[in-house]
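Visitor: Please show the model, and let us then discuss how its parts are arranged.

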Amino acid sequence: MALRLKRRQKLILKALVGYGGEATTRQISEKTGLNVNGVSQSLGALAHHVVRLGGKGGDTKWQLKNDSLSFTMRSSIRR
């Protein structure tokens, strides 16, 4: 059973896909227009879809998991 993503999570994943699957919290925040802290919290909740590569604050780098790229493009982002 697939979990439905919230609108905010979909926006964040779309932004990450737009950056080629790897971006900082600040880049995602700028692309989505969402607050950096909110983006950071949402990325933490998206542990099934993203990996934290390192960094602090807005400079934390995130990467889509390989299996999540096709999943997010195929189903959750379109809804």
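Guide: Buried means under 20% relative accessible area, exposed over 50% and partly exposed in between, with a 1.4 Å probe and protein chains only. The model is predicted, so local features need pLDDT of at least 70 and side-chain atom pairs count only at pLDDT 80 or more, whereas totals for chains, interfaces and linings use all residues. Residues are numbered from 1 along each chain as its sequence is written, and side-chain values use heavy atoms, with hydrogens and water left out.

Visitor: In what order do the elements of the chain run from the N terminus on?

Guide: Helices (H or I, at least four residues) and strands (E, at least two) are DSSP runs, numbered from the N terminus. The chain has four helices and three strands. From the N terminus on, their order is α-β-α-α-β-β-α.

Visitor: What share of the contacts with a separation of 6 or more joins residues 24 or more positions apart?

Guide: Contact means heavy atoms within 4.5 Å. Among contacts in the chain with a separation of 6 or more, residues 24 or more positions apart account for 50%.

Visitor: How far does H1 reach from its first C-alpha to its last?

Guide: Helix H1 covers residues 7–18 and has twelve residues. The expected span of a helix is 1.5 Å times one less than its number of residues. For H1 the expected value is 16 Å, and the reach from first C-alpha to last is close to it, at 16 Å.

Visitor: Which residues of H1 are buried?

Guide: The segment before H1 holds Lys6, which is exposed, with a relative accessible area of 61%. Just after H1, Gly20 takes a positive phi of about 80°. Within H1 itself, the buried residues are Gln9, Lys10, Ile12, Leu13, Ala15 and Leu16.

Visitor: How are H1 and H2 oriented to each other, roughly parallel or roughly perpendicular?

Guide: Two packed helices are described by the angle between their axes and the distance between the axes. Axes are lines fitted to C-alpha atoms, for helices over the stretch in contact, and angles run from 0 to 180 degrees between N-to-C directions; under 35 degrees counts as roughly parallel, over 145 as roughly antiparallel, 65 to 115 as roughly perpendicular and the rest as oblique. H1 and helix H2 (residues 25–32) pack at about 110°, with their axes 9 Å apart. H1 and H2 are therefore roughly perpendicular.

Visitor: At what angle do the axes of H1 and H3 cross?

Guide: Helix H3 comprises residues 36–45, and its axis comes within 10 Å of that of H1. The contact is made by Arg8, Gln9 and Ile12 of H1 and Gly38, Val39, Ser42, Leu43 and Ala45 of H3. The axes of H1 and H3 cross at roughly 90°.

Visitor: How many residues of the contact of H2 with H3 are charged?

Guide: H2 and H3 pack at about 115°, with their axes 9 Å apart, and their crossing is right-handed. The contact is made by Thr25, Ile28, Ser29 and Thr32 of H2 and Val36, Val39, Ser40 and Leu43 of H3. Ala, Val, Leu, Ile, Met, Phe, Trp, Tyr, Cys and Pro count as nonpolar, Asp, Glu, Lys and Arg as charged, and the others, Gly among them, as polar. The residues of this contact divide into four nonpolar, four polar and, as for charged, none.

Visitor: How far apart in space are Val51 and Lys65, C-alpha to C-alpha?

Guide: Val51 lies in strand E2 (residues 50–54) and is partly exposed, with a relative accessible area of 32%. Leaving aside neighbours within four places in sequence, Val51 is in contact with Lys61, Trp62, Gln63 and Lys65. Val51 and Lys65 are 14 residues apart in sequence, and their C-alpha separation in space is 6.4 Å.

Note on methods: Left-handed = near helix turned anticlockwise from the far one by under 90°.
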